[in-house]
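Trainee: Before we look at the model, could you go through the terms with me, so that I can see how each value leads to its name?

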Amino acid sequence: WPKLAVMASGNGSNFEALVKATQNHTLEAEIVCLVCDHADAYVIERAKHLQIPAIILEPRDFKDKNHYERAIVKGLEAYDVDVIILAGYMRIVTPYMLDKYPGHILNIHPALLPHFPGRQGIQDAWDAGVSQTGVTVHLIDSGIDSGPILAQQTVDITEDDTLETLEAKIHQVEQRLYAKTIQEFLQAEKEK
Ligand code: GAR
C-alpha cells in the first residue's frame, strides 16, 4: 500500500481521522509518519497514542528554510514516503520539497478556494457574512492555498450558526472528505 506522511502544526483532528481511516480500510494506505513543526503541538500526543512515529523539526533550529526542508525530506526518504498529506500544516512548502514530490503533495483547506485562503479560512468566511462556505482538497503548488483542486464540499451557514458551530460542521466535513479524496487520488495514481 502507498506510504503516506502527514504534516501538521497543531491540533491534529485531521491526522487522527486519517489514521482511523487507514485502520478501517476506507483509506487503503499506510501512514508511516507524522511531521510536525511545533514540539508542543497536540498532534504529537495523538501520534503517540496511535503509535505513529513523529518527526519533530522546528524551523528555528535550522539556518534557513532550505536547511529545514532538507531535514524533512531526509526524514521522509527514510520512511520511503510516496505521498505527503498536509493537514493543518501552517507553512508554505518551498520549491525544494515540491520538486522532490511533484504532484504528490495534497492539502486541505477549510473554505471554498479560491475564496478565503490563508490561516483563517473559517473565520474569514464567517466575517464576510457569506451564506455558504466549505472545504477544499487540492494539490500543492508554490502559492498559498493554490494548486489544482481535487474535491470541494459546501457547508451552509444558517441563521442559528455561531462561529463555533460552523467550525464543528467544517471539521466534520473535512474528516470525511479528506480520506475519500486521498483514496480517489491514490486509485487514480495506481491506474496511471
Ligand atoms: C483544518 O481545518 C485545516 O483545514 C486547516 O487547519 C485545520 C487543522 O485542524 N488548514 C488550513 O487552514 C490551511 N491553510 P487539525 O489540526 O485539527 O487537523
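Mentor: A polar contact is a pair of N or O atoms within 3.5 Å; within protein, one atom must be able to donate a hydrogen and the other to accept it, and residues adjacent in sequence count only if both atoms are side-chain atoms. This is a predicted model, in which local features need pLDDT of at least 70 and side-chain atom pairs pLDDT 80 or more, while totals for chains, interfaces and linings use all residues. Residues are numbered from 1 along each chain as its sequence is written, and side-chain values use heavy atoms, without hydrogens or water.

Trainee: Which residues are closest to the ligand, and how many surround it?

Mentor: The ligand is surrounded by 13 residues, of which Asn11, Gly12, Ser13, Asn14 and Glu174 are the closest; a residue is near a molecule if one of its heavy atoms lies within 4 Å of it. Helix H1 (13-23), strand E5 (105-109) and helix H6 (163-190) each give this shell at least two residues. Such helices (H or I, at least four residues) and strands (E, at least two) are DSSP runs, numbered from the N terminus.

Trainee: Why is H1 said to be largely enclosed?

Mentor: Nine of its eleven residues are buried, so H1 is largely enclosed by the rest of the structure. Buried means under 20% relative accessible area, exposed means over 50%, and partly exposed lies in between (1.4 Å probe, protein chains only). Among the buried residues of H1 are Ser13, Asn14, Phe15 and Leu18. The buried residues of H1 pack against several elements, including strand E1 (3-8), E2, helix H2 (42-50), E5 and H6, where contact means heavy atoms within 4.5 Å.

Trainee: What is found just after H1?

Mentor: Just after H1 comes His25, with a positive phi of about 65°, although His25 is not a glycine. His25 belongs to the loop between H1 and strand E2 (30-36).

Trainee: Where does Phe116 lie, and why is Phe116 called partly exposed?

Mentor: Phe116 lies in the loop between E5 and H5, and phi of Phe116 is also positive, near 55°. Its relative accessibility of 22% lies between 20% and 50%, and therefore Phe116 counts as partly exposed. In the loop between E5 and helix H5 (121-128) there is also Pro114, and the peptide bond from Leu113 to Pro114 is cis, with omega near 15°.

Trainee: How do you know whether His138 is buried or exposed?

Mentor: His138, in strand E6 (residues 132-139), has 0% relative accessibility; this is under 20%, so His138 is buried. A polar atom of the His138 side chain lies 2.8 Å from the backbone oxygen of Ser146. Leaving aside neighbours within four places in sequence, His138 is in contact with residues including Ile105, Leu106, Asn107 and Leu113.

Trainee: Why is Glu69 called buried?

Mentor: Glu69, in helix H3 (residues 65-78), also has 0% relative accessibility, so Glu69 falls under 20% and is buried. Glu69 and Met97 are 28 residues apart in sequence, and their C-alpha atoms are 6.8 Å apart in space. Apart from neighbours within four places in sequence, Glu69 is in contact with Ile92, Val93, Thr94, Tyr96 and Met97.

Trainee: What makes Lys169 partly exposed?

Mentor: Lys169 lies in helix H6, and its relative accessible area is 26%, between 20% and 50%, so Lys169 is partly exposed. With neighbours within four places in sequence left aside, Lys169 is in contact with Val155, Asp156, Thr158 and Asp161. Lys169 and His104, in turn, are 65 residues apart in sequence and 28 Å apart in space, C-alpha to C-alpha.
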